[in-house]
Amino acid sequence: MAHTLQQLSDIEEIKVLKHRYFRAIDTGDFAALPALFTQDVACTYNGGTYKVSLAGLDAMVEFLSNSFHSGAAAMHIGVMPEVTVTGDNSAGGIWYLQDVFIDLEKDAHTFGTAIYTDTYRREGGTWKIATTWYDRVIEVLTSFSAMGGQLSVQRLATTGRKPHERTDISHLIHWD
Amino acid sequence: MAHTLQQLSDIEEIKVLKHRYFRAIDTGDFAALPALFTQDVACTYNGGTYKVSLAGLDAMVEFLSNSFHSGAAAMHIGVMPEVTVTGDNSAGGIWYLQDVFIDLEKDAHTFGTAIYTDTYRREGGTWKIATTWYDRVIEVLTSFSAMGGQLSVQRLATTGRKPHERTDISHLIHWD
Amino acid sequence: MAHTLQQLSDIEEIKVLKHRYFRAIDTGDFAALPALFTQDVACTYNGGTYKVSLAGLDAMVEFLSNSFHSGAAAMHIGVMPEVTVTGDNSAGGIWYLQDVFIDLEKDAHTFGTAIYTDTYRREGGTWKIATTWYDRVIEVLTSFSAMGGQLSVQRLATTGRKPHERTDISHLIHWD
């Protein structure tokens with residue numbers, strides 16, 4: 001019943017894959033994203049006020065590159081992994097997300113948590129995210145200005161897409 | 001001095017055990033709880049305004065099933081494990097907890113951190129939590145309504161016990 | 001390409017080293033600190049309103065022992081490690097930090113995130129932090145009293161240095 005060395009190695013690689021993903025989106029390191037997903041990646045996010053549904057690597061990268069824009073400040077902490085290796089090149093994973101998303105352009109502060117249910121596939125020796133789905137557990141919406149804080153560092157102001165660089169992703173995300 | 005394969009496998013299993021616990025309580029997945037603890041589990045939590053002290057699996061499950069009720073929204077992030085395998089079927093673990101607990105019925109928002117000190121026992125091939133103790137590091141109490149936020153997703157509203165389903169756990173928790 | 005048993009063991013030890021560090025600073029367990037760093041440790045922290053730059057174990061411990069003082073309440077969650085073993089006794093690591101720092105003496109609440117880039121060295125069989133650098137991703141500054149919360153538990157009030165015990169670390173930290 002114990003894990004094999006190969007399984008433990010795979011689990012560690014999959015954890016680092018997901019960690020790399022969260023670091024990339026919050027810092028605006030979009031060039032790192034294409035290597036993290038399969039070409040046929042499928043994504044469904046059930047937020048409180050939005051629902052994301054998309055398929056394909058291009059749509060995934062375009063969605064993320066527009067969501068983490070120059071007017072945003074984001075924290076996505078993905079922790080408490082429950083990774084299961086299901087085959088030589090396939091695995092599943094459950095993660096617990098804690099996120100803060102400040103959108104200065106909308107004066108909006110979102111604090112939330114969610115449970116991710118993912119699958120992973122190894123292609124050419126490298127683990128990639130094949131399907132990713134999350135469902136909210138809690139979500140609290142607040143006006144950012146009403147909270148009285150001053151945003152003294154905002155990495156995405158530099159690395160995120162400026163308004164004229166953004167593309168239309170309204171077909172990928174539905175707002176209530 | 002290096003870890004053996006068996007030890008690394010055990011450490012991974014114990015991490016997943018604890019991750020499963022935190023996911024269960026915050027999502028209201030109470031049916032998952034009995035498999036996570038030994039029959040003689042002992043629990044002591046030293047919060048700022050409460051102290052929990054209980055023994056036995058039934059008391060543990062009853063305490064949790066009432067605490068994570070339909071009027072609550074909870075985030076319990078248990079991270080930074082320091083797990084030590086102490087025998088073939090015994091281990092210890094230290095964890096760092098970050099938690100948010102919103103009780104809409106009391107208009108209360110608690111933000112805190114704590115250090116867990118646990119022991120684990122393997123029974124029938126499965127690791128279980130045998131003793132669990134935490135002591136607060138910081139705790140901040142705020143009126144939830146005064147924070148100006150709107151709770152747009154609250155999983156426990158659906159999965160948590162409604163008022164008429166709750167039982168008396170006043171013998172398990174002492175409030176200041 | 002898979003990790004060896006030795007590498008997985010090293011990665012686990014390095015994770016625990018860093019976890020031990022975060023637990024020590026937030027709980028005021030300063031006696032634990034000297035064992036966690038090399039004698040020639042180098043540290044650079046780029047905060048929004050401060051910059052820390054220091055070298056040597058004595059300076060590191062003195063900086064930390066004064067920063068986590070009796071008027072502070074701190075949470076430093078270091079998660080999502082990306083650890084790479086680079087030699088028999090050397091390794092690198094990237095971590096994602098989420099921190100809350102309440103300074104009651106300045107009525108200041110800081111919430112932030114940062115990316116750590118570390119190197120580690122094994123000395124006498126024990127992994128230690130050799131270099132540690134972080135750069136802020138987001139930082140929000142708020143007056144603590146304006147947030148309306150009551151600090152009901154503050155571990156550092158007991159374990160942190162009282163005003164008359166503190167030493168001058170102004171040569172190690174530059175405030176804007």
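This is a predicted model: local features need pLDDT of at least 70, side-chain atom pairs count only at pLDDT 80 or more; totals for chains, interfaces and linings use all residues.
Residues are numbered from 1 along each chain as its sequence is written, while chains are lettered from A and ligands numbered from 1 in the order in which they are written.

**Stop 1**

Next, select Asp107(C), in the loop between strand E4 (90-103) and strand E5 (108-123) of chain C. Its phi is near 50°, a positive value in a residue other than glycine. Asp107(C) counts as exposed, because it has 12 C-beta neighbours inside 10 Å. By definition, a residue is buried if 20 or more other C-beta atoms lie within 10 Å of its own, exposed if 12 or fewer, and partly exposed in between, with C-beta atoms placed from the backbone.

**Stop 2**

Select Gln154(A) to find Ile138(C) opposite. Then move to E6(A), which pairs with strand E7 (residues 150-154) of chain B, again antiparallel and over four bridges; here Glu139(A) has Val153(B) as its bridge partner. Finally, strand E6 (residues 126-143) of chain B is joined to E7(C) by four antiparallel bridges, and Glu139(B) stands opposite Val153(C).

**Stop 2: the interfaces**

Display chains A and B. Contact here requires C-beta atoms, placed from the backbone, to lie within 7 Å. On that basis, 26 residues of chain A are in contact with 26 residues of chain B. On the chain A side, the largest share, eight residues, comes from E6(A). This side divides into 15 nonpolar, eight polar and three charged residues. In these classes, Ala, Val, Leu, Ile, Met, Phe, Trp, Tyr, Cys and Pro count as nonpolar, Asp, Glu, Lys and Arg as charged, and the others, Gly among them, as polar.

Now display chains B and C. The contact takes 26 residues from chain C and 26 residues from chain B. H1(C) gives the most to the chain C side, with twelve residues. By class, that side has ten nonpolar, eleven polar and five charged residues.

How are chains A and B related? A rotation of 120° with 0.0 Å of shift along its axis superposes chain A on chain B, with an RMSD of 0.0 Å. The two copies are thus related as by a three-fold rotation axis. The superposition is by least squares on the C-alpha atoms of residues with pLDDT of at least 70 in both copies. To locate the axis, select Leu5(A), which comes closest to it of the residues of chain A, at 3.9 Å (C-alpha). Only 12% of the interface residues of chain A are also interface residues in chain B, so the copies meet through different surfaces.

**Stop 3: the core**

Select Tyr96(A), Val79(B), Tyr96(B) and Val79(C), which have the most contacts inside the largest nonpolar core, a set of 112 residues. Such a core consists of buried Ala, Val, Leu, Ile, Met, Phe, Trp, Tyr and Cys residues joined through C-beta atoms within 7 Å. Leaving aside neighbours within four places in sequence, the contacts of Tyr96(A) include Val79(A), Ile115(A), Phe22(B) and Ile77(B).

**Stop 4: the helices**

In helix H2 (residues 57-67) of chain B, select Met60(B), Ser65(B) and Ser67(B), which are buried. Their cover includes strand E1 (37-46) and strand E2 (50-55) of chain B.

Methods. Two residues are in contact if their C-beta atoms, placed from the backbone, lie within 7 Å. Helices (H or I, at least four residues) and strands (E, at least two) are DSSP runs, numbered from the N terminus. Two strands pair if DSSP finds at least two bridges between them.
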